[in-house]
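These notebook entries record what I looked up in one structure. I begin with a pocket, then turn to the ligand and the sheets.

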Amino acid sequence: MPNPNVTLTAADRSVTLPLVEGSQGPSCVDISSLYRETGHFTFDPGFAATASCKSAITFIDGEKGVLLYRGYPIEQLAERSSFLEVAYLLLEGELPTEAEMTKFEHSVTHHTMMHESLKNFLRGFHYDAHPMAMLCASIASLSAFYHDTLDIQDPDQRRLAAIRLLAKMPTIAAASYRYSIGWPIRYPRNSLGYVDRFLHMMFEVPSEPLELNPVVAEALDLLFILHADHEQNASTSTVRLVGSTGANPYASVAAGIAALWGPAHGGANEAVLKMLTEIGDAKNVGRAIERAKDKQSGFRLMGFGHRVYKNFDPRARIIRAKCHEVLHKLGIHDPLLEVALKLEEAALKDDYFIEHKLYPNVDFYSGIIYKALRIPTEMFTVMFAIARTAGWIAHWIEQHEMPGGRIGRPRQVYVGATPREYVALDKR
Ligand code: SDX
């Protein structure tokens, strides 16, 4: 049995710290007594080696490229599940029985409408507002409409808020997009499934009925599954940090949307498509690789690299295969796919990318599929947010159901001015 403790020696002091073991993955040194016993903090910018919480939702092994949702491999869920079933799994911890799934689906379906006043709220935006700005603001505003789900101590209110967020995210996302292109907002159709309902709200126009394409719906459902959760990524950690203050679920998830928007995180899928468009042709790939290796250039290969995966992102493998299948089935030849394949091939052979263990991540190919599904580029990160809502609400509920939760409040290494006397204006 390995020693359940570690001993740290700092100058003349030694301290023994307990190891915290999970069900799998690295054990963690519990440093909660470190400052009290040694007067030292730990320093881990970006929290690369710091566990912020215990969680039973998602497990990632970055070295082996393993991703499990509640213990189920992402490859099996991608192959055999649906996004709504995965949302149930993330939320409840088990795959639903048929009766549980029917009840869950009915509940989500009957919470898809958004409050009519939200239409006025959206009208307050300029027509060219980015849909992520509209989504973030609209989700935060839900606390102004749904006062019956603001008591975070009440498990029923927590669950209803989670269902509302899962149900309304596509409605508000589609409404934001329709507003930005001057089309009338479409109400959710209860007769449709989760993904078809979203596509209908996005693309149906008054002048003609929308013919839903099963290839499109199936591809989108897969993308939603792959983006549904990912352990303590930046946006989920944001939701948990905001949630740790006792903030309501709508404010917590709105904060997650804001964090996801950054190009280093969920905004990367939009940035990848812009990068591929800028590269333009496979013959320019070599120059792009050289720019990405030149620190002075400020240019990074978007869709490459990951804080945790130092091997292939398993989601990228699945999306890459789906890319070929979707483009073939829809009869689309997208030259950007050729550029992406050439870029991947060149990068994976390049010493810099090999040494830095930079592989394509979930965002590298997703944009090409979204483009084939006629999703506008500025909606790519919104798609990520719709899917990640399942993970955000699962983590938000878990943190409130797991005993011992405390407000998140990291410390710092202070590098500012040491104490000094105030100087009167006429003496400066
Ligand atoms: C997502 O956390 C999650 O799980 C996120 C996510 C999820 O599902 O929630 O998986 C979704 O956000 C995927 C990542 C999408 N972002 C991008 O594709 C943007 C491009 N990638 C990088 O910005 C970067 O790789 C990150 C942000 C993803 C990871 O950043 P890290 O772990 O802090 O790594 P780093 O920035 O410290 O880079 C380490 C080294 C540096 O070189 P050195 O200074 O050590 O010599 O690798 C280099 C970097 O310059 N590097 C890159 C690079 N990514 C890292 N060089 C060129 N191109 C890149 N893309």
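**Entry 1. The second largest pocket**

How do the residues of the lining of the second largest pocket divide into nonpolar, polar and charged? I find five nonpolar, one polar and seven charged. In this classification Ala, Val, Leu, Ile, Met, Phe, Trp, Tyr, Cys and Pro count as nonpolar, Asp, Glu, Lys and Arg as charged, and the others, Gly among them, as polar.

The model is predicted: local features need pLDDT of at least 70, side-chain atom pairs count only at pLDDT 80 or more, and totals for chains, interfaces and linings use all residues. Residues are numbered from 1 along each chain as its sequence is written, and side-chain values use heavy atoms, with hydrogens and water left out.

I noted a volume of about 240 Å³ for the second largest pocket. Its lining comprises 13 residues, and Ala78, Glu79, Glu218, Leu222 and Lys322 lie nearest the centre. The elements that contribute two or more residues to this lining are α2 (74–80), α9 (214–226) and α14 (314–329). A pocket is an open set of points on a 1 Å grid over the protein atoms alone, where a 1.4 Å probe fits, with protein on both sides within 12 Å along at least five of seven lines; lining residues have an atom within 4 Å of a point. The volume is the space filled by probe spheres set on the points, which are joined across faces, edges and corners. Helices (H or I, at least four residues) and strands (E, at least two) are DSSP runs, numbered from the N terminus.

**Entry 2. The ligand**

I counted 24 residues around the ligand, the closest being His230, Gly303, His306, Arg307 and Arg315; a residue is near if one of its heavy atoms lies within 4 Å. By class, this shell holds ten nonpolar, eight polar and six charged residues.

I then looked up the polar contacts (pairs of N or O atoms within 3.5 Å). In the side chain of His306, an N or O atom is 2.6 Å from an oxygen atom of the ligand. For the side chain of Asn361, the distance from an N or O atom to a ligand oxygen is 3.0 Å. Phe304 uses its backbone: an N or O atom there lies 2.9 Å from a nitrogen atom of the ligand. The ligand taken alone exposes 1,000 Å², of which the protein buries 75%; areas come from the Shrake-Rupley method with a 1.4 Å probe.

**Entry 3. The sheet β1-β2-β3**

What is the order of the strands in this open sheet? I read it as β1-β2-β3, with antiparallel pairing; two strands pair if DSSP finds at least two bridges between them. Because β1 (5–10) and β3 (28–29) stand at the edges with a single partner strand each, one side of each is left without a neighbour in the sheet.

Six bridges join β1 to β2 (residues 13–20). Asn5 has Pro18 as its bridge partner, and Thr7 stands opposite Thr16. The hairpin of β1 and β2 has two residues between the strands, and Ala11 in the turn takes a positive phi of about 55°. β2 and β3 pair over two bridges, with Val20 opposite Cys28.

**Entry 4. The sheet β4-β5-β6**

I found a further open sheet of three strands, in the order β4-β5-β6 and with antiparallel pairing. β4 (58–61) and β6 (72–73) are the edge strands, each pairing on one side only.

Four bridges join β4 to β5 (residues 66–69). Thr58 is partnered by Tyr69, and Phe59 by Leu68. Four residues lie between β4 and β5 in their hairpin, where Gly65 has a positive phi of about 65°.

Two bridges join β5 to β6, and the partner of Leu68 in β6 is Pro73. The hairpin of β5 and β6 has two residues between the strands, and Arg70 takes a positive phi near 50°.

Notes:
A polar contact is a pair of N or O atoms within 3.5 Å; within protein, one must be able to donate a hydrogen and the other to accept it, and residues adjacent in sequence count only if both atoms are side-chain atoms.
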